[in-house]
Amino acid sequence: MSLCASFNVFASYSPKPKSFFRDSKLVSQIQVNSSALTSTFQIHESSTNLRFRRRRLKPISSLDAGISEIATSSSFRNKNPSDINVLVVGSTGYIGRFVVKELIKRGFNVIAVAREKSGIRGKNDKQETLNQLQGANVCFSDVTQLDALEKSVEDLGLGIDVVVSCLASRNGGIKDSWKIDYEATKNSLFAGKKFGAKHFVLLSAICVQKPLLEFQRAKLKFEAELMDLAESQDPSFTYSIVRPTAFFKSLGGQVEIVKDGKPYVMFGDGKLCACKPISEQDLAAFIADCVLEEDKINQVLPIGGPGKALTPMEQGEILFRILGREPKFLKVPIEIMDFAIGVLDFLAKIFPSVGEAAEFGKIGRYYAAESMLILDPETGEYSEEKTPSYGKDTLEDFFKKVIREGMAGQELGEQFF
Ligand SMILES: NC(=O)c1ccc[n+]([C@@H]2O[C@H](COP(=O)([O-])OP(=O)(O)OC[C@H]3O[C@@H](n4cnc5c(N)ncnc54)[C@H](OP(=O)(O)O)[C@@H]3O)[C@@H](O)[C@H]2O)c1
């Protein structure tokens, strides 16, 4: 499914921040029992990589002095990266894996939270996950259960300085979005904060500026509560909210089909939407910048890749040019999607279980008609000029790579987007 767009009036959505911190016992409850000193990650003890990784971690300097000291300190920005513990949740995702690599490359102590069965449809076992996250301290836990997550972090016997969340529902469905993009992300904030975190970096999405889908509403609710926490309740706590445009994986789905001689399929005239695609590597570097850079504190940061914004038509033209073929397009009326969604919405009123299918239809419709660019509140139109660019990887180079090597590692999995 390619991400596309048209210009639409901004439908403003401002979730009321419901303060989940005001009455929380987070900071006061910080306690670590003696088992923290001896506890281990739930990983293969025999792994030599593990032994190496565990040695790299800086434990809480003196547990006797108490984590509370760490919890009140905001000085992590003055430390060397090797003394900064970064908890990454969503570490096994398309972006999360690159974020882990980038943070390790920059010398941070990375604690990567993962499921025992990770990846698309849980295809990776523990060992495969450990291999993927080499250099990080892998903590197998359950981000959907606050108690379990807190216990896992407590068992590390470490203070946390920064939490980076790349969590996302794997299918974008209604229930799962609220469970992951809101609840589990909130759990990671609670757990990190309880053990001293002073900064939270959130991977969000540029499309939340025009929220018509449940996953966008779930993300926005968390964003609003995070901002409220930092700006009203605990000024010593900070955030960076990263809202990227389209990922390469979302735009590469037709490369192999076109390579096989089929037409490039697009909705409407192929100019309904545009985006500034960004690679996993470039986005991971931007997210890693957010850990320490002061100009990214308490900021909402929309971000795209290098170069001009591209419509689906232009993406198709690039692809045909690389392949040395005459462009061959198949234009599909967007109304087809409206009809299908209308039918599903009607059925959902009678059979509630159809509601999720209708939501998936709406997700497809959204990306066929909405640009992944800054929505200018003054004009109500998407603006290429106002959408910042970062990095160096281009969609053209990505297409060339897919033509050579296929889409391995770029699978959408259970996602539509
Ligand atoms: N696709 C685009 O073009 C685009 C553009 C802009 C923004 N975004 C946003 O970018 C974000 C991340 O995307 P991505 O492609 O990196 O996501 P992804 O590959 O689907 O990764 C999702 C991560 O969340 C974890 N997760 C999901 N459900 C979980 C559960 N029940 N329990 C524990 N962990 C769970 C996954 O763990 P497992 O490996 O264990 O499943 C994985 O680490 C999304 O919020 C998306 O909206 C996407």
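I started at V110 and listed what V110 touches, leaving out residues up to four places away in sequence: V86, V88, V100, L103, I104, A136 and N137. I count two residues as in contact if their C-beta atoms, placed from the backbone, lie within 7 Å.

I note that this is a predicted model, in which local features need pLDDT of at least 70, side-chain atom pairs count only at pLDDT 80 or more, and totals for chains, interfaces and linings use all residues. Residues are numbered from 1 along each chain as its sequence is written.

**Core**

I looked up which residues touch the most other members of the largest nonpolar core, which has 104 residues; they are V86, V88, V99, V110, A112, V242 and I287. A nonpolar core here is a set of buried Ala, Val, Leu, Ile, Met, Phe, Trp, Tyr and Cys residues joined through C-beta atoms within 7 Å. Buried means that 20 or more other C-beta atoms lie within 10 Å of the residue's own, exposed means 12 or fewer, and partly exposed is in between, with C-beta atoms placed from the backbone. I find 46% of the 417 residues in the protein buried.

**Strand β2**

I took helices (H or I, at least four residues) and strands (E, at least two) as DSSP runs, numbered from the N terminus. The protein has 14 helices and 11 strands. In β2, six of six residues are buried. I checked each face: N109, I111 and V113 are buried on one side, and V110, A112 and A114 on the other. In a regular strand the side chains alternate between the two faces of the sheet.

I call two strands paired if DSSP finds at least two bridges between them. β1 and β2 are parallel and share four bridges, and I111 of β2 is the bridge partner of L87. From β1 the chain passes through α4 to β2 in a right-handed β-α-β crossover. Right-handed means that, with the strands pointing away from the viewer, the path from the first strand over the helix to the second runs clockwise.

On β3, I111 has N137 as its bridge partner, and A112 has V138. The crossover from β2 through α5 to β3 is also of the β-α-β kind and right-handed.

**Whole sheet**

What is the strand order of the open sheet of seven strands? I read β3-β2-β1-β4-β5-β6-β8, with parallel pairing. β3 (137-140) and β8 (299-303) are at the edges with a single partner strand each, so one side of each has no neighbour in the sheet. Neighbouring strands are turned by 20° against each other on average, direction ignored. For angles, axes are lines fitted to C-alpha atoms, for helices over the stretch in contact, and values run from 0 to 180 degrees between N-to-C directions.

I then looked at two helices on the sheet. α7 (residues 174-194) lies across β1 (85-89), β4 (162-165) and β5 (199-203), at about 170° to β4. α8 (residues 214-233) lies across β5 and β6 (238-244), at about 155° to β6.

**Helix α4**

Is α4 mostly covered or mostly exposed? I find α4 mostly covered, with 11 of its 12 residues buried. Among them are F98, V99, L103 and I104. The buried residues of α4 pack against β1, β2, α5 (126-132), β4, β5 and α10 (280-292). G107 follows α4 and has a positive phi, near 95°.
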